Amino acid sequence: LNGGLSDGLAKGNILSATTGGHKITIRITNVNLDTAWASVISGNIGLVQMGDPFAVTDAYTASSPLIKVYIPAENLSPVGFQNFVHQNIVPLARLKNYWDYENWYYNKLSRNIFFNDPVFKPATVAQAYLSGKFKDNFLVFLPIPAYISNPLINLLKANQNIKLVKTAGEADVELYLNYTIAKEATDKPGYVFTWHNFRGSEVNQYSLKFSSRFVKISGLALNSADIKKLAADLLAMTVIVAREKSSQWMNDYPAR
């Protein structure tokens, strides 16, 4: 097309023309300042002649994602997840050297136990703490249960600014879940979700603490309304992280 960005065209725009009584619809696949390329959605492109005018009939705009994210999900039901926490996490949380997100700002190293990735042998490291073999401070990261991750994934898939990837190595950030302990007698344990790029140059037995962006919730035995709200809150946090990762335009058109 002999029109481009300077004419208000954008990738994803749908244009139509009628020639010889036949309608042709195209979608812009690439665009420069004064030129655009398109593919045919419907109609016979062979009927189009040089100089035939096309008009924008749908201003939908497509764009590349600003951030790639990974969610270490596991097929756990609410009951299964609660059992996992009570069997594996609560005994660790009773130790005095257990740290949670409240300690993220400390300028000290702590060992990490990655229950969200068996490659790091979490059960072995956890047993070393429970037996007293390891005595340094440590943080614990949990897998995201499927009843939480699935609604969030559906929201993320509809957002063009965010791309879900299948492995941590492909991602800019990974979603981490942490069990928080009660600091006072009147407090209750809780959970914190946060995005962080631990998997980059930081990945080793010790690493940095939490991102300053997080969502905190008192428990994960949730009803459908609570799950929906949590997914929306996690999406909002993700959009903020994407905005902080890039100065590019945020695309408000949902993915198609």
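Helices (H or I, at least four residues) and strands (E, at least two) are DSSP runs, numbered from the N terminus. This is a predicted model, in which local features need pLDDT of at least 70 and side-chain atom pairs count only at pLDDT 80 or more, while totals for chains, interfaces and linings use all residues. Residues are numbered from 1 along each chain as its sequence is written, and side-chain values use heavy atoms, with hydrogens and water left out.

An open sheet of mixed pairing is formed by five strands in the order β10-β5-β11-β12-β14, where two strands pair if DSSP finds at least two bridges between them. Because β10 (162-164) and β14 (214-217) stand at the edges with a single partner strand each, one side of each is left without a neighbour in the sheet. Strands β11 (residues 173-180) and β12 (residues 190-196) run antiparallel and are joined by seven bridges.

| Helix | Strands | Angle |
|---|---|---|
| α3 (residues 146-157) | lies across β5, β10, β11 and β12 | about 130° to β10 |
| α4 (residues 224-245) | touches β5, β10, β11, β12 and β14 | about 30° with β12 |

Among the buried residues of α3 are I148, L152 and L156, buried meaning under 20% relative accessible area with a 1.4 Å probe, protein chains only.

Note on methods
Contact = heavy atoms within 4.5 Å. Axes fitted to C-alpha atoms, helices over the stretch in contact; angles between N-to-C directions. Buried < 20%, exposed > 50% of the residue type's maximum accessible area, 1.4 Å probe, protein only.
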